[in-house]
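The following note was prepared for a colleague who wishes to read the model region by region. Please consult it with the structure displayed.

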Amino acid sequence: PLDPNGPLFMQDFIKEPSIIQFLCERVKQSPKFEKQLRDIIDLSKSDTSAATAAANAITILVRAGALFHGTDLQGIRIPGADLSGGQFDSAQLQGADLRGANFTRSWLRQADLTHTKLEGVRFGELPYLKEENEVTACAYSPDGTSFVTAMREGDRGIIHIYNATTWTRMKTLNVREVGFDFFSATWSFVKSIAFSPDSRRIVTGSCDGTVRVWDCVKGWELLDMREGYNSCVAFSPCGKRVATACALENARVWDADTGVPVFTMDSTGDISSIKYSPDGNRVVLGYGNGTIRFWDALTGESGAVWNTPFEAVYCLAYAPDGQRLASGHDGGVVQLWDTLSGDAGLVLYGDGTPVSRIAFSPDGRWAGTSSGDPTVRLWDVGDGTLVSIFPGHTDVISDIAFSPDGRRLATAGRDTFVRLWDVDSSEVGVRWPDPTDGGLRVIFTVHGCLIFSKGESYGSLRLWNPLTGAVQATIQNSLGFAHIFAISPDGSSFVTEEYSTFQLWDCQSGEAGLTVEAPRGRVWNFVYSPCGRWILSTSTCSVELWDLQYPEKTKTIASFEPVTEENHVCIAFSPTMATTELRIAVAVWPRQLDLYDLTTGDHLKGVWLFHHAKPHSLAFSPDGQQLAVGTEKDSIVLWSHTMEEEPSVRLEGHNGGVCCVAYSSCGNWLASGSEDRTVRIWCRRQQPAEDGDDEAESWSCATVVRGFFEGLQSVSWNPYAPLEFVTQSQDEAIRIWRISVGSGNGGGGGDVGEGCITVYLVWGSNLRQLCVEGLRFEDAKGLSPVYEKLLLQRGAVRAITPAAAAAAEDDAAGNDTE
């Protein structure tokens, strides 16, 4: 590979995916080859002739899953490299030549790009639009100059029209409420929107049954037509007619100038979608009974009827050339049809939820689809290949639209965001399979860290090496693993639950062990004792203690009213290994936080919770003398073992419910994960108390770890590697982190304040989104204003200019700086 006359130096492999893939396999098989590729990257720092080879080398390494966390890459020359999906946490890239590089979905948290060359760089997306409320529909104008969004504001609707070049808002249209009553509810927000061919008008269909035609230039309402509940709309290619359909009534074609009905198409069931063929000769309807029906667009005569094999049709889309029709169905299925023959073609299988939207790119090569999860899938309709997945929304996607030039894909979501994706970058940066896609549970054992995930086949689990991402073992059982709730502390067994029955499994053999029927309804949660002998479970109305040595001796620790959305149950074992000292904590909202003796089941102490926030999580300190409770009201409260009426410490700072808390093995650190998609690391310090009492305890936030794409689900510390912890978020992403403490603190606590420690990513799974939180790009050359705005939106930072510093001072003083 170091031969300057070899193909790696002389040929650009980046656009040769077959060669890249072949060399990726070689990297996985040969550590020596990986080192040679890294040497080439280092060589480019001093030898300009090695730039092509270095770009090839780093592209191969990124595709092979090599990690560059904290790597010194200062001054490297890798123009045009494909770094999509690469992991560069805290990487040093100062002064590097990154011109034309593709950073789609790359992990660049806390990376340093100061003084880099960034001309032509791509990040796979553009800055997002943030609306005030849920976005229900969106569309590009055919001439590409305008972009329209429809929002839901309570029960009414608002339409915004943007300049698609500058993304400045040009017009706001208010949708009047007409009081249409459907099951005692009124809604006037827009569910469907379409542009006229001349880009001057839009037609909107609302939930209250109104169909309106608007003048986009003047912002006027031109026509108001009544159709029916949840109307869907389409403009004819000639612009002279509008087709409308509703969920419970007939479909109609209207005169777009006068609003007079031209003809009615009799309904044979609930209509979900209506489209014009690109030549304007036919109108096609999709029905809830699984049929697709065609009508003559001029006369209204009924035409062909297709019966789909996937039952209900949720959406339809024509390819621009009119030769393909796509129908979306249950189970994430998209069926492609040949419109000339009526034959069913390729089937695209998505995420398993109903397909809500389909859009073809203007050249007909791609199809974008959305369904029940907050992602959009990009497909190659020629061979049915899944090209890319666009994550980023936090709620269901309402609508999708390609720009007329085909380079952008817009997605509108209930999370109030409109995101803009670079389709060109996605074509190069194909989403390669993530080995731990679908992580389920992670645990630290005496053997290190074990990560369990769903297997590729039914009833299988996979065990992963957390440092390399390699599969260590596969557990297979024909009975399946419905829910995995807890893993034993030594990693030898795990417990699952299905239909009020919990099952023990052997991690090595995959064989089923003890089976126990829950006595009081479905089991909601499991916790192993530190010694692995006991399991604590919560059901609908009780907490049970199971002795795995004597399973017949099941003990009911607590009984309460059936669990509902209003109440909640949290459980925890104290960490003491001596069984005579082991205690159990049970928090039942809105009742009490109680401590029980493990051996006798006796109630020891308790405190009423009704005047405190609902508990989300519990954790004992290593010495068992303190109990941390994460609450739904953004805080962590610390109770001493004496269980006074008021907690001894309250930690504030999160902006969402605290879903998980964990103490480090030394007890001086506390990690808390929240719905606000952050982890806070708290440090304990002791201060001399007044009046000769014992030392007083105080805690401070040492740092905030950002860059999570969903709320946190679990966090735990590695007892065998100091200051290392693992997190799992609600998107099932698992990440292992390491803390570096500043000089003088020694890692044992001490006087550590916020910003005094640094948290590095060691390894992560499901890093499928662009992450630039904390990235620095001071004095980067050639970075376009659009991408600069994107980076700042996503949490990147740059040097404060004197003008910006003065503006910030004025803001702080209350002056108007606009």
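1. How many residues does helix H2 have, and how far does the helix reach from its first C-alpha to its last? The model is a predicted one, and in it H2 comprises 13 residues, 17-29. From first C-alpha to last, H2 reaches 19 Å, close to the 18 Å expected at 1.5 Å a residue.

2. The buried residues of H2 are Ile 20, Leu 23, Cys 24 and Val 27. Viewed down the axis of H2, these buried residues fall within an arc of 115°, so they line one face of the helix. The face turned away from that buried side carries the exposed residues Ser 18, Phe 22 and Gln 29. Helix H3 (31-43) and helix H4 (51-63) are included in what covers the buried residues of H2.

3. Helix H3 may be examined in the same manner. The end C-alpha atoms of H3 are 18 Å apart, which agrees with the 18 Å that its 13 residues should span at 1.5 Å a residue. Its buried residues are Phe 33, Leu 37, Ile 40 and Ile 41. Around the axis they cover an arc of only 100°, which puts them on the same side of H3. Pro 31, Lys 32 and Lys 35 are exposed residues on the face of H3 turned away from its buried side. The partners against which the buried residues of H3 pack are helix H1 (7-10), H2 and H4.

4. Is strand E43 mostly covered or uncovered? Strand E43 (residues 592-597) is mostly covered, with 6 of its 6 residues buried. Gln 592, Asp 594 and Tyr 596 point one way from the strand, while Leu 593, Leu 595 and Asp 597 point the other way; all are buried.

5. Strand E42 (residues 583-589) runs antiparallel to E43 and is joined to it by 5 bridges. Within this pairing, Ala 585 stands opposite Leu 595 in E43. E43 also pairs in the antiparallel sense with strand E44 (residues 603-608), over 5 bridges. Here the bridge partner of Asp 594 is Gly 606 in E44. E43 and E44 form a hairpin with 5 residues between them, and Gly 601 in the turn has a positive phi of about 80°.

6. Which residues are in contact with Tyr 528, leaving aside its neighbours within four places in sequence? Tyr 528 lies in strand E37 (residues 523-528) and is buried, with a relative accessible area of 9%. Its contacts are Ala 486, Ile 487, Ser 488, Pro 489, Ser 493, Phe 494, Val 495, Leu 504, Trp 534, Ile 535, Leu 548 and Phe 573, once those sequence neighbours are set aside. The C-alpha atoms of Tyr 528 and Trp 546 are separated by 9.6 Å, the two residues being 18 residues apart along the chain.

7. A search of the whole structure finds 2 cavities of 30 Å³ or more. The largest cavity has a volume of about 80 Å³. It is lined by 14 residues, of which Thr 104, Arg 105, Glu 125, Trp 421 and Leu 770 are the closest to its centre.

How values were computed: Residues are numbered from 1 along each chain as its sequence is written. This is a predicted model: local features need pLDDT of at least 70, side-chain atom pairs count only at pLDDT 80 or more; totals for chains, interfaces and linings use all residues. Side-chain values use heavy atoms; hydrogens and water are left out. Helices (H or I, at least four residues) and strands (E, at least two) are DSSP runs, numbered from the N terminus. The expected span of a helix is 1.5 Å times one less than its number of residues. Buried means under 20% relative accessible area, exposed over 50%, partly exposed in between (1.4 Å probe, protein chains only). The arc is that of the directions from the helix axis to the C-beta atoms. Contact means heavy atoms within 4.5 Å. Two strands pair if DSSP finds at least two bridges between them. On a 1 Å grid over the protein atoms alone, a cavity is a set of points where a 1.4 Å probe fits but cannot get out, and a pocket is an open set with protein on both sides within 12 Å along at least five of seven lines; lining residues have an atom within 4 Å of a point. Grid points are joined across faces, edges and corners, and a volume is the space filled by probe spheres set on the points.
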